[in-house]
Amino acid sequence: MPEKHLENEHLMRERALEPPAGFLERHPSKPYLSSLDEYKNMYEESIRDPGSFFGGMAEQHLSWFKPFTVPKVPNAPFLKDNNGEPSAWFVDGELNACYNCVDRWAIKNPDKPAIIYEADEPDQGQIITYGELLKQVCKVSQVLLNLGVKKGDTVAVYLPMIPEAIVTLMAIIRIGAIHSVVFAGFSSGSLRDRINDANSKVVITTDESKRGGKIIETKKIVDDALLACPQVTNVLVYKRTGNSHIPWTEGRDLWWHEEVKKYPSYYPATPVSAEDTLFLLYTSGSTGKPKGIQHSTAGYLLGALLTTKYVFDVHPDDILFTAGDVGWITGHSYVVYGPLLNGATTVVFEGTPAYPNYSRYWEIVDKYKVTQFYVAPTALRLLKRAGESYIEPYSLQSLRVLGSVGEPIAKDVWEWYNAHIGRGKAHICDTYWQTESGSHLITPLAGVTPTKPGSASLPFFGIDPAIIDPVSGKELEGNEVEGVLAIRSSWPSMARTIWRDYGRFLDTYLRPYHGYYFSGDGAARDKDGFYWILGRVDDVVNVSGHRLSTAEIEAALIEHSMVAESAVVGFPDELTGSAVAAFVSLKNRSIEDPSAIKKELILTVRKEIGPFAAPKLILLVNDLPKTRSGKIMRRILRKILSGEEDQLGDTSTLSNPQVVSHLIEVVKAK
Ligand code: WT7
């Protein structure tokens with residue numbers, strides 16, 4: 001056998017730790033699965049016969065208005081026959097997503113808390129029961145119908161983390177419409193593009209938002225966006241702060257509280273087909289144009305439901321606190337859908353981990369006896385740095401599961417999470433997945449799967465991962481291999497397409513490696529078959545768990561009149577995981593005040609995309625490294641930035657090799 005050369009060989013030596021014994025001590029009964037062997041048996045069945053495995057699960061866990069008779073269409077591996085058919089599950093069944101999230105629990109136990117709202121100010125929260133949620137949802141559904149929203153229409157949602165965000169999503173899907181949530185940190189320009197791409201005619205928002213003690217002029221941002229959205233007929237505005245000076249367009253803008261008063265508190269849920277679209281969620285790819293990732297109803301619901309149940313081991317009285325925003329997929333699947341589909345209670349937190357101080361999360365955990373806590377490592381790094389004095393006063397003994405998501409969790413952060421938050425008695429679940437996957441792909445199951453700090457461990461049911469050699473395109477069999485991560489078969493919650501662009505869906509995910517779904521991530525499989533995610537292999541940068549496209553930031557920079565050209569790359573950052581660096585060449589090189597220009601450039605990105613995309617570093621350069629065909633060599637920029645200029649490889653193929661020493665100088669002087 002040829003000797004293996006693994007860049008990340010050290011990962012292969014880690015030993016797995018058994019699930020903590022304290023997990024069982026804290027458990028109200030026992031985990032759904034009793035052993036790793038039980039997981040393995042179920043997993044094997046899910047791969048061998050996904051139709052019967054997920055068919056059984058879908059019958060058992062979802063309520064159907066019309067039962068499906070065909071559980072699964074995609075028998076063949078992706079594109080084997082290359083007839084371009086999207087994957088489809090439970091095709092002839094009919095159901096309603098809102099009914100599954102709300103009605104069935106409201107009928108059973110209307111007084112059970114569905115939502116615990118923790119407002120930005122610690123004493124202004126509220127608890128909403130399933131019964132109350134159903135009433136609010138029904139009213140908003142009727143408001144939407146009255147505004148002309150029909151089954152299959154998209155509705156744009158630009159809301160902060162308040163219970164009305166959940167009410168809104170449920171109201172939209174109750175009438176068979178499609179929600180398209182835009183993260184409320186996006187600028188008016190990004191919001192405009194997404195409203196127009198989805199062709200939304202109604203937008204739901206707030207007057208203002210409150211976050212970390214600050215006021216955000218939400219409605220004003222919406223109004224700026226709508227200057228270029230001629231198809232939008234109405235804006236429904238929830239009054240969050242009640243400040244009087246917000247902009248208002250008579251006839252178009254309507255107050256939520258005035259509209260809901262007009263309707264009765266019940267309206268029946270509309271049955272839709274299993275494959276009808278549930279929602280769009282825009283995400284960044286390798287080009288500048290965001291992709292409207294399109295999810296189907298039954299498949300997505302089943303994925304969110306089953307992962308919440310088995311990964312987080314959620315039992316009926318559990319209280320989940322996913323500290324993510326509804327504007328991203330984590331919020332969709334694990335603040336909204338997963339907890340509600342299991343009839344559990346979900347915490348909706350409006351604020352930040354640092355306001356009024358760094359104890360905020362732990363205060364919430366103790367206050368509501370949170371059982372599952374789920375967050376991105378970037379927040380954990382912040383809280384770790386703030387110090388233990390912020391944690392010590394809290395008992396945290398309700399916690400059984402500590403989830404991590406969005407980026408690899410470094411060993412020291414994992415160990416801190418385990419020792420100081422879990423106090424050795426909670427199971428750490430490093431969950432690997434994507435907007436496109438809808439729900440967890442590779443993750444431990446709480447109480448069941450041994451863990452290795454930094455590894456997302458083993459695949460969820462129905463996920464058949466493959467490691468592919470990116471050069472040969474061949475799958476690497478066996479253990480102790482590394483390459484790019486692909487998935488061999490379809491799973492129920494995988495995205496069906498990119499909104500109105502199936503060609504781009506095929507090009508991005510299904511054509512790069514024939515017969516596989518391509519994840520865009522590098523990964524290794526170690527000697528025990530555990531997976532290690534090694535980061536994106538495309539032009540996507542992960543900043544604080546936010547996915548940014550370098551091309552999108554470059555497109556924003558070029559909006560500044562002085563920019564000739566730019567190249568954006570990610571570089572490691574202690575707090576945010578990766579940060580954005582922009583190499584910019586200006587049209588006029590003799591500028592007087594470089595620091596003023598840099599500030600303007602940062603402002604441009606904040607304005608064009610949103611504050612979270614702002615480059616941490618701007619480097620003004622004379623030129624960028626290019627191949628003879630004019631392609632910018634970002635690899636060279638990344639190496640120089642990380643001080644690895646001795647590892648640039650052959651630079652003689654550049655059309656301008658002399659640029660290298662200039663770039664090294666600029667980086668050194670930064
Ligand atoms: C990308 C997806 C998944 C919800 C939040 C982000 C990275 C995600 C992990 C993890 C290492 C991870 C990948 C993935 N990622 N989870 N546990 N370990 N990397 O969703 O914005 O669609 O980004 O986030 O690179 O492809 P997203």
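**Figure 1. Thr435 at the ligand.** In this predicted model, a polar side-chain atom of Thr435 sits 2.5 Å from an oxygen atom of the ligand. Gln434 also points a polar side-chain atom at the ligand, with 3.0 Å to an oxygen atom. For Arg536, the distance from a polar side-chain atom to a ligand oxygen atom is 2.7 Å.

**Figure 2. The residues around the ligand.** The ligand is surrounded by 17 residues. The closest are Asp430, Thr431, Thr435, Asp521 and Arg547. Thr435 from this group is the residue with the 2.5 Å distance to a ligand oxygen atom.

Figure 3. The domain assignment gives domain 1 as residues 19-463 and domain 2 as residues 544-669. Domain 1 puts 25 residues into the contact, and domain 2 puts in 19. The C-alpha centres of the two domains are 35 Å apart. Between them, domain 1 and domain 2 bury about 1600 Å². Carbon and sulfur atoms account for 48% of that area. On the domain 1 side, Ser284, Trp328 and Arg381 lose the most area to domain 2. Together these three make up 28% of what that side buries.

**Figure 4. Salt bridges and polar contacts across the domain interface.** The interface of domain 1 and domain 2 holds 2 salt bridges. Arg194 pairs with Glu552 in a salt bridge, with 3.8 Å between the closest N and O atoms. Polar contacts link 14 residue pairs between the two domains, counting residues at pLDDT 80 or more.

**Figure 5. The face of domain 1 that touches domain 2.** Two helices, H7 (188-198) and H13 (377-386), each supply at least two residues to this face. H13 gives the most, with 4 residues. By type, the residues of this face are 5 nonpolar, 14 polar and 6 charged.

Figure 6. The whole structure contains 37 salt bridges. In one of them, the side chains of Asp103 and Arg174 meet at 2.7 Å, N to O. Asp103 belongs to helix H4 (residues 97-108) and Arg174 to helix H6 (residues 163-174), so this pair ties together parts that are 71 residues apart in sequence.

Methods. Residues numbered from 1 in each chain as written. Predicted model: local features only at pLDDT ≥ 70, side-chain atom pairs only at ≥ 80, totals over all residues. Heavy atoms only, no water. Domains from an automatic or database assignment. Contact = heavy atoms within 4.5 Å. Buried area = accessible area lost by both parts, 1.4 Å probe. Salt bridge = Lys/Arg side-chain N within 4 Å of Asp/Glu carboxyl O. Polar contact = N/O pair within 3.5 Å; in protein donor to acceptor, adjacent residues only side chain to side chain. Nonpolar A, V, L, I, M, F, W, Y, C, P; charged D, E, K, R; others polar. Near = heavy atom within 4 Å.
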